[in-house]
Amino acid sequence: MRWLWLPVALLGVALLWEGLRWEQAEAVWRHATQLCLACIGLG
Amino acid sequence: MADPAHRIAPRLRVRRPVQLITAFLLNARFLFDARSVCFPALNCWACPTASVACPLGALQNALGDMRLGGPLPIYVLGSMVAISAVIGRSMCGWLCPFGLFQDLLARLRRRHLKLPAWTGYGKYVMLVGLAIILPYLTSVPWFCKFCPQGTLQGGIPQPLLYAELRALIGGWWFLKVGILAAFVVASIFFRRPFCRSFCALGAIFSLFNRISLIRMHFSPEKCVDCMWCVRVCPAGIDPRTELGGMNCVQCMKCAGCPYHAIHVTTACSREERDGEASA
């Protein structure tokens with residue numbers, strides 16, 4: 001259990017890297033730059 | 001000689017400035033715009049000045065897209081997993097603007113009531129129901145529809161700024177304002193009620209508290225049951241029994257223990273090695 005953080009952190013970095021390669025950051029940007037009506041209680 | 005319980009460790013004085021600076025930077029779009037980056041804290045991207053993306057909003061939208069043929073949201077998941085494997089739930093204690101908001105409200109009262117233990121499971125219900133299953137099935141970010149941070153940062157300022165949004169105000173907006181008002185009042189009487197019972201993002205991070213690199217260590221042989229840690233804990237837990245558990249926000253305030261019974265450590269430390277060997 002003591003070293004479990006290391007493979008989990010590496011898995012996280014690998015997912016992050018692959019997500020960037022698949023241009024998922026752009027999808028986040030698309031959602032983030034639209035006004036979220038659910039967040040403000042209007043939709 | 002001064003009562004050792006009144007000594008304040010240096011780290012206690014560092015946390016508040018860190019919270020304030022983070023809250024400012026997460027809402028500094030006039031300085032930089034990094035809304036493609038999921039910052040691991042509850043900071044609503046509907047805020048007119050938000051400079052980063054909310055990972056929970058991004059996760060719900062990606063799950064909704066997934067049902068329509070979109071990819072698994074590995075970028076969002078990776079950003080949460082990578083950081084929480086290292087620092088556990090410390091984001092809640094040190095970086096979250098809504099955590100700061102609740103901490104400031106808690107200062108209005110000296111004594112706080114204790115929430116029942118079962119309320120700690122509420123955040124997992126919110127995570128599974130409102131942030132995963134319903135967004136996947138309906139392509140609607142259901143957690144955002146109830147989130148009080150969204151009301152505080154977007155629901156109130158946006159209609160104030162734009163008349164066309166004011167015209168759209170209806171029953172749901174009043175429900176959201178009511179939820180925010182309930183948490184404002186609750187935060188005065190209880191410590192961090194939202195983090196404990198409602199926050200789906202905190203629920204994700206709490207899963208990593210026990211395995212993260214940065215950990216809290218309690219030495220029962222040094223504890224004299226002075227209750228100092230119980231009084232100062234911003235999450236309202238008993239650090240003697242719940243340290244590093246699902247409700248601990250790893251703010252490290254209890255590490256100022258006047259008897260040095262609690263301290264911050266790492267998974268590689270001698271205490272953790274000895275603890276594992278004796279288990």
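The points that follow concern a predicted model.

1. Extent of the contact. Chain A and chain B bury about 3300 Å² between them, and carbon and sulfur atoms account for 73% of that area. To this contact chain A brings 31 residues and chain B brings 48 residues.

2. Polar terms. Between chain A and chain B the count of salt bridges is zero. Seven residue pairs are in polar contact across the two chains, with both residues at pLDDT 80 or more.

3. Elements and composition on the side of chain A. Two or more residues each come from α1 (5-21) and α2 (24-33) of chain A. The most is given by α1(A), with 10 residues. By class, the residues of chain A that touch chain B divide into 22 nonpolar, seven polar and two charged.

4. The second largest pocket. Its volume is about 360 Å³, and 15 residues line this pocket. Nearest the centre of the pocket lie Arg210(B), Arg215(B), Met216(B), His217(B) and Glu272(B).

5. In chain B, β3 (214-218) and α16 (270-278) each supply at least two residues of the lining. How do the lining residues of the second largest pocket divide into nonpolar, polar and charged, and what are the counts? Four are nonpolar, five are polar and six are charged.

Conventions
Residues are numbered from 1 along each chain as its sequence is written. Chains are lettered from A and ligands numbered from 1 in the order in which they are written. This is a predicted model: local features need pLDDT of at least 70, side-chain atom pairs count only at pLDDT 80 or more; totals for chains, interfaces and linings use all residues. Side-chain values use heavy atoms; hydrogens and water are left out. Contact means heavy atoms within 4.5 Å. Buried area is the accessible area (1.4 Å probe) that two parts lose on being put together, summed over both. A salt bridge is a side-chain nitrogen of Lys or Arg within 4 Å of a carboxyl oxygen of Asp or Glu. A polar contact is a pair of N or O atoms within 3.5 Å; within protein, one must be able to donate a hydrogen and the other to accept it, and residues adjacent in sequence count only if both atoms are side-chain atoms. Helices (H or I, at least four residues) and strands (E, at least two) are DSSP runs, numbered from the N terminus. Ala, Val, Leu, Ile, Met, Phe, Trp, Tyr, Cys and Pro count as nonpolar, Asp, Glu, Lys and Arg as charged, and the others, Gly among them, as polar. On a 1 Å grid over the protein atoms alone, a cavity is a set of points where a 1.4 Å probe fits but cannot get out, and a pocket is an open set with protein on both sides within 12 Å along at least five of seven lines; lining residues have an atom within 4 Å of a point. Grid points are joined across faces, edges and corners, and a volume is the space filled by probe spheres set on the points.
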